[in-house]
Amino acid sequence: MGFEEVTGHVNAGAFAGWMRYRFPMNRRSVLHLAAGASGLAALPTIAQESQAKSFRFLFATDIHVQPERGAGDGWKQCIAKMNAVAAAASTKADFLITGGDLIMDALEVGIDRARLEWTLFDEGLKTLALPAYHTIGNHDVVGWSSKAVVDPGHQDYGKKLFADRYGEGKTYRSFDHGGWHFVLLDSIGRNATTGDYEGRIDDDQLAWLEADLAKAGKETPVVLVSHIPFYSVWHQVVKGPSFALDGKALVANVFEFRKLLESHNVKLVLSGHGHVLEKIELGKTRYIQGGAVSGMWWKGPVHGNPEGFGVIECKPDGSFDFAYESFDWKVRA
Ligand SMILES: [Zn+2]
């Protein structure tokens with residue numbers, strides 16, 4: 001196999017990405033290979049390469065950092081455990097995805113309090129040894145509540161703070177890794193009547209999602225992340241089968257765009273919001289609500305599930321494994 005065969009399979013950008021993945025990239029190696037060195041002859045094709053590798057990532061949701069109950073220390077303790085997991089040979093992980101509700105609350109507090117919570121979140125994040133991609137949660141949005149105290153004209157009102165600091169200017173986006181496609185959704189809609197948040201993927205985002213999934217292709221395994229779950233049976237478990245949910249518990253309009261998801265290879269939908277560990281399998285897709293870093297807002301485990309995070313191994317055949325890791329948090333008063 002020669003250089004021409006490799007470039008015949010992929011565009012130049014993908015090739016450069018593959019090269020970075022396979023070798024620590026430096027200018028000399030680029031020039032050497034670009035000159036058509038015969039060293040490439042022994043390397044596998046791109047297809048063989050992508051089929052041969054599994055990778056892992058971590059999923060930490062509902063962190064709810066606050067000054068009380070040692071939550072800042074708890075976040076750091078969680079990160080120390082995530083760093084250890086990501087560095088160990090048997091569980092090596094490439095990146096972290098957070099699932100929203102990164103801070104205790106920005107919906108119903110003053111801007112100084114919200115900024116204090118973000119500072120505590122950042123202090124922990126500085127100790128993280130791997131790249132992180134952040135998903136927005138309802139509690140990360142400033143003032144979208146009937147009990148809001150921040151003026152809608154304030155520069156930090158709404159989603160701007162999150163977008164600027166944690167979303168590269170956006171509240172939803174996507175990226176590729178190891179042959180898989182990852183989509184971080186913004187599931188925080190707004191009820192125009194009450195002024196409260198509600199679970200919803202808005203029309204602009206749905207148009208973007210349709211184009212984004214089309215670009216990824218129908219065969220590519222996809223992981224969607226949505227702070228508010230698409231489905232959950234938990235409320236029925238604890239409140240009975242006839243309990244009716246309000247618009248805050250689930251994404252209200254999934255029913256309307258489920259055919260879009262069904263027409264792609266969506267393997268996993270990760271969410272948070274309910275702080276429970278729940279796995280639902282419908283057709284080819286598994287919906288996992290990933291527990292909570294904060295447990296019951298730093299007051300203890302939720303229905304026996306400890307404070308922790310998910311470790312997901314994505315395999316070359318498009319399957320994956322999910323494991324939940326505790327970081328042994330001891331509740332403080
Ligand atoms: Zn939430």
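What follows is a short chat about a zinc site and a pocket in a predicted model.

Visitor: What should I know about the model and its numbering?
Guide: Residues are numbered from 1 along each chain as its sequence is written. The model is predicted, with local features needing pLDDT of at least 70 and side-chain atom pairs 80 or more, while totals for chains, interfaces and linings use all residues, and side-chain values use heavy atoms, without hydrogens and water.

Visitor: Which protein donors does the zinc ion have?
Guide: Asp-101 (OD), Asn-138 (OD1), His-227 (NE2) and His-273 (ND1), at 2.1 to 2.3 Å from the ion. Donors are N, O and S atoms within 2.8 Å of the metal (3.2 Å for Na, K and Ca); water is not among the atoms, so sites may look incomplete.

Visitor: How are they spaced in sequence?
Guide: The pattern is D-x36-N-x88-H-x45-H. Asp-101 sits in the loop between strand E2 (95-98) and helix H6 (111-125), and His-273 in the loop between strand E9 (266-271) and strand E10 (277-282), so the pair ties together parts 172 residues apart in sequence. Helices (H or I, at least four residues) and strands (E, at least two) are DSSP runs, numbered from the N terminus.

Visitor: Is Asp-101 buried or exposed?
Guide: Buried, at 2% relative accessibility. His-273 also counts as buried, at 16%. Buried means under 20% relative accessible area, exposed over 50%, partly exposed in between (1.4 Å probe, protein chains only).

Visitor: Other topic: which helix gives the largest share of the lining of the second largest pocket?
Guide: Helix H9 (residues 234-239), with 4 residues. The lining has 27 residues, and His-273 is among those nearest the pocket centre. A pocket is an open set of points on a 1 Å grid where a 1.4 Å probe fits, with protein on both sides within 12 Å along at least five of seven lines; lining residues have an atom within 4 Å of a point.
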